[in-house]
Amino acid sequence: ALGTVILPRLASEHARANPERFTLTLDWALRWVLLIAAPATVGLIMLALPMLATLFLHGEFRQLDVLAASMSLSTYGLGLAGFILVKVLAPGYFARQDTRTPVRFAVISMVGNMVLSVIAVLALRHTGVGHAAIALVTAIAAWANALMLLGGLRRLGVYRPGEDWNRLGRQVGLATLLMALTLYWPATRAELWLEGAFWLRLAVLFVTIAVAVAVYFGTLTLLGLRWRGLREPQAS
């Protein structure tokens, strides 16, 4: 959604030769990436088993299937921020009518993903964690793609990080940590998710996520995060 919103804005700023507004729009989107991706990543990793058990633990999908799938989801979740960054950073090139660079970076990360996946399968085929290793390799490839895109924009001089990134990072870090502590008890109650009734699992999962969201955004507010400062920049 962020990528869709900023693409026409970035294209307009580039066409008007307004680099300050271009980097301001991109910086605004990246701040929202941090705000969204940090808690989403932690939540996806910690609640992998609860979510999969609630959604799929019935019929032929057994407890061992839930445990195996949760390993993949947890490791795959490590790449969530990378996937989001790719969607947000690529428009920075498209807006400048540069489609070759993102494709080149994507091909590099894809080839690396394929090679490392084959290595992971061959090396871990008898361990029972090969499927999780493939998910981890995919996450690494996403991060590699995102970092190449970010580095390219920095080298071109079309993106310069704005002020207060350190402050925002500390606020998001502390809020995410408190959210993780909130999730710890329900996330580690394997017997509840693997043996409890469906409606009990659903109710506990819903309440857990709601409380975690409240803790995260409440902490950010108490730490003085200025939500008005996160509004989309005005067009030039």
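I looked up the contact between Asp 164 and Arg 226 and found a salt bridge between their side chains, 3.4 Å from N to O. Asp 164 sits in the loop between α7 (130–156) and α8 (165–187), and Arg 226 in the segment after α10, so the pair ties together parts 62 residues apart in sequence. I note that the model is predicted. Asp 164 is partly exposed at 40% relative accessible area, and Arg 226 is exposed at 57%.

I then went through the other salt bridges; the structure holds three. Asp 27 and Arg 31 meet through their side chains at 2.8 Å, N to O. These two residues lie four apart in helix α2 (residues 19–46), so about one helical turn separates them. I checked the cover on both. Asp 27 has a relative accessible area of 6% and is buried; Arg 31 is buried too, at 13%, because the cut-off for buried is under 20%.

Arg 189 bridges to Glu 191, with the closest N and O atoms 3.5 Å apart. Arg 189 is partly exposed with a relative accessible area of 24%, and Glu 191 is partly exposed at 45%.

Next I turned to the aromatic side chains. I counted six aromatic pairs in the structure. For Tyr 93 and Phe 105 I have ring centres 6.4 Å apart and planes at 85°, so this pair is edge-to-face. The pair links distant parts of the chain, with Tyr 93 in helix α5 (residues 80–94) and Phe 105 in helix α6, twelve residues apart. Tyr 93 is buried at 1% relative accessible area, and Phe 105 is buried at 7%.

Phe 217 and Trp 227 make a tilted aromatic pair, 5.8 Å centre to centre with 40° between the planes. Phe 217 belongs to helix α10 (residues 198–222) and Trp 227 to the segment after α10, so parts ten residues apart in sequence are tied together. I find Phe 217 partly exposed at 38% relative accessibility and Trp 227 partly exposed at 30%.

Last, I looked for nonpolar side chains on the surface. Val 103, Val 107, Met 110, Val 111, Met 114, Val 115, Leu 116 and Ile 119 form a nonpolar patch there, with about 690 Å² of accessible area together. I took Val 115 as one member to check. Val 115 is in helix α6 (residues 100–124) and is partly exposed, with a relative accessible area of 45%.

Note on methods: Residues numbered from 1 in each chain as written. Predicted model: local features only at pLDDT ≥ 70, side-chain atom pairs only at ≥ 80, totals over all residues. Heavy atoms only, no water. Patch = residues over 30% accessible without salt bridge, like charges linked within 9 Å, V, L, I, M, F, W, Y side chains within 5 Å. Areas by Shrake-Rupley, 256 points an atom, 1.4 Å probe, with all protein chains shown as cover. Salt bridge = Lys/Arg side-chain N within 4 Å of Asp/Glu carboxyl O. Buried < 20%, exposed > 50% of the residue type's maximum accessible area, 1.4 Å probe, protein only. Phe/Tyr/Trp six-rings, centres within 6.5 Å; stacked < 30°, edge-to-face > 60°.
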